[in-house]
Structures are given as structure tokens and as C-alpha cells.
Amino acid sequence: MKPWILGIETSCDDTSVALVDRAGTVAAIETVSQFEIHQAFGGVYPELASRAHLEAILPTVQKVMDNANVTPDDLEAIGVTRGPGLIGSLLVGLSTAEALSLGWGVPAYGINHLRGHIRSVGLEGGQVDYPAVIMLVSGGHTFVAELTDAWSYRLLGTTRDDSVGESYDKVARMLGLGMPGGPAIDRAAARGTPVLRLPRPMKNEGYEFSFSGLKSSVARHIETHPDVSVDDMSASFVAACMDVLTAKAARALEECKPKSLIIVGGVAASPQLRDAMGKVASDQGVALHLPPIKWATDNAAMIAMAAWDYVERGEKPALVPKPNLRLETP
Ligand code: KG4
Ligand code: ZN
């Protein structure tokens, strides 16, 4: 086998390219943020996102290859996100990967972004003892699953409506904290006190999540109490999210009796969540695996890491975009 996989991730608003070996060593990574382009819109503007990916993608590939001093001959494969994500953004990554694949004679694999998040804990030699319970908390998704190894999982539950990250972003907007919402809420919550009693949707029921009710209840509170302290509101919102997420994680640990608890996705960058999950894991005597913050949010290294699993299994998912791709689909 050749040493490197070139990962390409363009599912949303970051153009990310990385070179990763089988052990998860990241030789080079470049992530071009579109933050400034979308800031004025208060969310990601899809057409502008694909245009920005198009401008950034080839120079970013070139830069990563040059920085690591790697040539196409050193590549085992190209791994590119095929979904879930914005169709225009996915198409830029997929068509670039297809063109490079043809030009270089290197096979290209269409990768499920959610599998990338799952494999983010394997980067830089990260070792996990399986079986494990994994919780993915990102802007697009929220789910909890049982992993028998790095590849095989049983989905326990997902969200019925908004993801946790989405509700962080929406609450941040309501409170005038701007983008990116997650870190802004973290900082405000750290200064505030969780004095407001907000609902804990579905906390006591199985493994499904629902965050839209929590978000609406924050909106109602702001409407009826316009002078509410932003810091206390943030702290109360974060406390409600933590309560629900830790209850589900604890339930999964009790039922599945795994060796490890893995928390991945953008919201895994939240210090409150990192602390709260640390407590859940130590109470139940399991190892906690949290990717460093740079691997928690979207990045191409995790996509390359996931691509290695497919290469090893001899499975080659096609370069077909699937905006609503689910975890259950390879
Ligand atoms: O995994 P990710 O980068 O993209 C998706 O696949 O969705 O997650 C992005 C989400 C956003 O909703 C963002 O607000 C949230 O992760 N996020 C955070 C933090 N950093 C990013 N949420 C809480 N605290 C953070 N520090
Ligand atoms: Zn993601």
C-alpha cells in the first residue's frame, strides 16, 4: 500500500484538504474558512459557499501536497465527502476528486461525513478500546450509537428536529451573540448563572433527542423578558443541553456497558460538554475520548481517516452526492 490518502471535505462552509496515513498521522492540512463571506447573512448562503469552494479547492490541494512534499505517486487513494451536506458544496469536492483521480490514476472514494466524525478519534494515533458508545453532536446532526469496533455500529437514537449545534447557533443569534454561535454561547454561559428553568426535552425517554422546543422556549423567554441577562440565558440554555446530553450518554453506558465513551462533532469543542462528559465517564468507570478541538469541527483529516477503512475493506463507495446521506448508508 502507498503511504497517504488525500482527504477532501467541502460539505458545508469550510474547504479542507489533508494528507493522512493509516496510523492517523496528519502530514499536512489546510482549511479555508468562509466565515467572513457568510457572516452578514447570519447563516451559510449555499450559492456563495459553492463558489468559494470552487475558488479555494485546487490551490488548497496544491498547497497540502507541496507542504508535505507528497506526489500523486505516494497516494493510495483520495477520500472525499459525498454527504450529508449542501449539494453545491458537495459537488465541488466530488468533481475535483473525480478529476484528480482521472488525471493522477489514483482511486477516489465517496465518504460519509458522519463516518468521518466517528473516525476523528483515530487521528494522530488515537487509540480507543472497543466496544464504545459514541455521541455525535454537530451542526447538522445529533445521535448516539454503540460501536462494536471502529467500523460496526448500532444506532440508538437521533434527533427528531434540530441538532444541538443548530440550536446553539439559533440561540446565539436570538441573543445577538453573532457567528460562530457555539463558542460565543460557551463564553457567555461561563460568565452567567443557570437561573432560568428551561425544559429538558425527552431527557427521560430513550435515545431520541428534540431541541426545537428548547430553542422556542428560549425565544419566548426573550420575548417576554427583553431585559434578560444574555449570560444567564446562555448559562441556562447550556445547562439544559448538558442535562439532556449527559442523561442520554449515561443511559447508553448503563445499557451497553462499553469500555469507552466517544464524543465527536463541533459541539464537542464546548468546554461545558467536555467537563460534563468527563464526569459521566468517570462515574461509570469508562475511558472518555474527545478529539482535540481541531478534529471536532469539520476537517478533511477525519474524511481521509474514514477512507482508509474502506480501502482496507475493499469497498469503494461511488462519487455520488447525497445531501441527506444517513449514518446507516455506507
Ligand atoms: O461538526 P461541525 O463543524 O459541522 C457539522 O458537521 O455540522 O459542527 C458545527 C457546529 C456548529 O453548530 C457550531 O456552533 C458548533 O458545532 N460548535 C460549538 C463549538 N464550536 C463549534 N458548539 C459549542 N461550543 C463550541 N466551542
Ligand atoms: Zn460535520
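A disulfide is a pair of cysteine sulfur atoms within 2.5 Å. The exercises below concern a predicted model, in which local features need pLDDT of at least 70, side-chain atom pairs count only at pLDDT 80 or more, and totals for chains, interfaces and linings use all residues. Residues are numbered from 1 along each chain as its sequence is written, and side-chain values use heavy atoms, with hydrogens and water left out.

**Exercise 1. Cysteines**

Task: Determine how many disulfides a search of the whole structure finds, and explain the result for C12.

Solution. Step one: the search returns zero disulfides. Step two: the cysteine sulfur closest to that of C12 belongs to C241 and is 19 Å away, which is too far for a bond. Step three: taken from C241, the closest cysteine sulfur is that of C12, again at 19 Å and too far for a bond. Step four: classify both residues by relative accessible area (buried under 20%, exposed over 50%, partly exposed in between; 1.4 Å probe, protein chains only). C12 has 24% relative accessibility and so counts as partly exposed, whereas C241, at 0%, counts as buried.

**Exercise 2. The largest pocket**

Task: State the volume of the largest pocket and describe which parts of the chain line it.

Solution. On a 1 Å grid over the protein atoms alone, a pocket is an open set of points where a 1.4 Å probe fits, with protein on both sides within 12 Å along at least five of seven lines; lining residues have an atom within 4 Å of a point. A volume is the space filled by probe spheres set on the points, which are joined across faces, edges and corners.

Step two: the volume is about 1,400 Å³. The lining has 39 residues, and C12, D13, G139, D169 and D298 are the closest to the pocket centre.

Step three: assign elements, which are DSSP runs numbered from the N terminus (helices: H or I, at least four residues; strands: E, at least two). Two or more lining residues come from each of strand 3 (26-33), helix 4 (113-119), helix 5 (164-174) and helix 6 (181-191). Helix 5 gives the most, with six residues.

Step four: by the domain bounds, which come from an automatic or database domain assignment, domain 1 (4-119 + 295-313) and domain 2 (130-258) each contribute at least three residues to this lining.

**Exercise 3. The second largest pocket**

Task: Give the volume of the second largest pocket and identify the residues nearest its centre.

Solution. Step one: the volume is about 290 Å³. Step two: of the 18 lining residues, L114, H141, T158, L325 and R326 lie nearest the centre. Step three: strand 7 (142-147) and strand 8 (153-158) each supply at least two lining residues.

**Exercise 4. Aromatic pairs**

Task: Count the aromatic pairs and classify the pair of Y168 and F237.

Solution. Step one: rings of Phe, Tyr and Trp (its six-membered ring) pair if their centres lie within 6.5 Å; planes under 30 degrees apart count as stacked, over 60 as edge-to-face and the rest as tilted. Step four: for F209 and F211, the centres are 6.1 Å apart and the planes at 15°, so the pair is stacked. F209 counts as buried at 0% relative accessibility, and F211 counts as buried at 0%.

Notes:
Chains lettered and ligands numbered in written order.
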